[in-house]
Amino acid sequence: MIKANVYSCSKLRFLYHRTFLSGPSFVQERDSRSLDAFVSSLIASINSCVSVDQCRSLHCKIVKNVSYRHGFIGDQLVGCYLRLGHDVCAEKLFDEMPDRDLVSWNSLISGYSGRGYLGKCFEVLLRMMRSEVGLRPNEVTCLSMISACVHGGSKEEGRCLHGLVMKSGVLEEVKVVNALINWYGKTGDLTASCKLFGDLSVKNLVSWNTMIVIHLQDGLADEGLVYFNMSRRVGHKPDQATFLSVLRVCEAVGVVRLAQGIHGLIMFCGFNANKCITTALLDLYAKLGKLEDSSTVFREITSPDSMAWTAMLAAYATHGYGRDAIKHFELMVHYGISPDHVAFTHLLNACSHAGLVEEGKHYFETMSKRYRIEPRLDHYSCMVDLMGRSGHLQDAYGLIKEMPMEPSSGVWGALLGACRVYKDTQLGTKAAERLFELEPCDGRNYVMLSNIYSASGLWKDASRIRNLMKQKGLVRASGCSYIEHGNKVHKFVVGDWSHPESEKIQKKLKEIRKKMKSELGFKSKTEFVLHDVDEDVKEEMINQHSEKIAMAFGLLVISPIEPIIIRKNLRICGDCHETAKAISLIEQRRLIIRDSKRFHHFSQGSCSCKDYW
């Protein structure tokens, strides 16, 4: 396949040079060949254009040798100018073209649609309909217009276009209806999408796939799964787009058994050799805490491409396996895969999470010296995080000041996180002030600074920041923990008594605390309670954190041979981290907790992060 593409590109370059750079001799030779073949070579050269100068050269040759109407070559040229970003040339050529037909107008509309020019699309559409010929839009016109509305997120224009589609008589075209379903879904009007879908007399696989995607995007992953199952019941076999969408649904739902079921279906349908799908699958397993399964899927890929290698690298990084990430990276290079800027972001992230400071510095220098990849904002963010986590706060701040570009919120956020760990209120205040400028409506930054003040006993400053949040109408996100059991995801919040098994859970939680104190001499780390209250109140508050309740529930219902996998929307606190380590030792259980930043694997009283997070 690769050889065929190379041959095709070489052939196009040959045609271009021979056709337009060989002079009159070839023009004479052309006379003996069919005009269609000559025009085909022109179109092929137009489609392979990479610069406006080349396009203009082709334009000159077309004017001298053929008519714009031959093979719609003028329309192709208009599209080429638009693709290369030269709207003025495209418009001028279009206006000069005689006998413009519907194909010509569609070419101009399609070019503007591809560049996201919604206003110009409507201008051209009105010109077309008001022209002397009075052309009416067809299926191609409507698809281009709807695509422009999707990219522009325009609601009123889209509804007007829906009316035009009905008047034009193309509402029975399944492609047009699918496009409208997609547009309504992406603008948040699922009711209209569902009505269009229900009224569609012939639903193809794209129709079903679209319904899956728009429900997923609207936060209704379970409904998306319903449409997937319905499509199979009516006889549609999933294609690549279906599986890629459903794997995203699995991630949103967060049920491992569902992912395993889809994995089986992928194999049954013969898509286990599809690299796009298998890469998405290994990424899904990693995000659900099943790193071993990700590794198995990766090993089963024949000749993995750069996307698969990078996805596996990201999995190691997220799970905090820095050494494994480095080994994987070196193996990737050994097999001739050139790492890109995304691969280096994951590699530096892995070094940061594992405390591999020197290794991180080495690869940061290597990426520009050896691989000619200039560091981007993400790379600087990783390096600031790496230095900050290791306690080198001033070095991290120095790196920010030396950056060749303006630091982003991610960079300042990494520094603020490090200041929280090491209770550096002075530098933390500087970082927070910059974040307030860059992201004035992100409540997480205010919470972080408030926590830094609280941890240092600066209660007045902490209260001032919380009041500032209230004035701005910002709400702090509530901590939630999720655990899968019985094909269902159970959600817990702090002090949760809403679960049907709450009494058993609380009893188990007390039993665990008693064991931890008697066998390990464990004491609650109340310094992680960032409220100015009495010590006994602090202890009671910290013992009711959502992840502790989820751990107790997991001990009750999860088989001892299976790991207890918990997901949390916020960063795990130090006391819960120590509790998980203790439980893994006294209960002889494996626990995997994913917080907002990474995975923690607890076993035999220790964590994979080596207490470095």
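Ile337 touches Pro304, Ser306, Trp309 and Met332, leaving out residues up to four places away in sequence. Contact here means heavy atoms within 4.5 Å. This is a predicted model, where local features need pLDDT of at least 70, side-chain atom pairs count only at pLDDT 80 or more, and totals for chains, interfaces and linings use all residues. Residues are numbered from 1 along each chain as its sequence is written, and side-chain values use heavy atoms, without hydrogens and water.

Ile337 sits in the loop between helix H20 (322-334) and helix H21 (341-354). Helices are DSSP runs (H or I, at least four residues), numbered from the N terminus. Ile337 counts as buried because its relative accessibility is 17%. Buried means under 20% relative accessible area and exposed means over 50% (1.4 Å probe, protein chains only). The C-alpha atoms of Ile337 and Asp305 are 7.5 Å apart, though 32 residues separate them along the chain.

Now to helix H4.

| Feature of H4 | Value |
|---|---|
| Residues | 52-65, 14 residues |
| Arc of buried residues | 150° |

The expected span is 1.5 Å times one less than the number of residues. The buried residues of H4 are Val52, Gln54, Cys55, Leu58, His59 and Ile62. Seen down the axis, they fall within an arc of 150°, so they line one face of the helix. The arc is taken from the directions from the helix axis to the C-beta atoms. The face turned away from the buried side of H4 carries the exposed residues Asp53 and Lys64.

Conventions
Helices (H or I, at least four residues) and strands (E, at least two) are DSSP runs, numbered from the N terminus.
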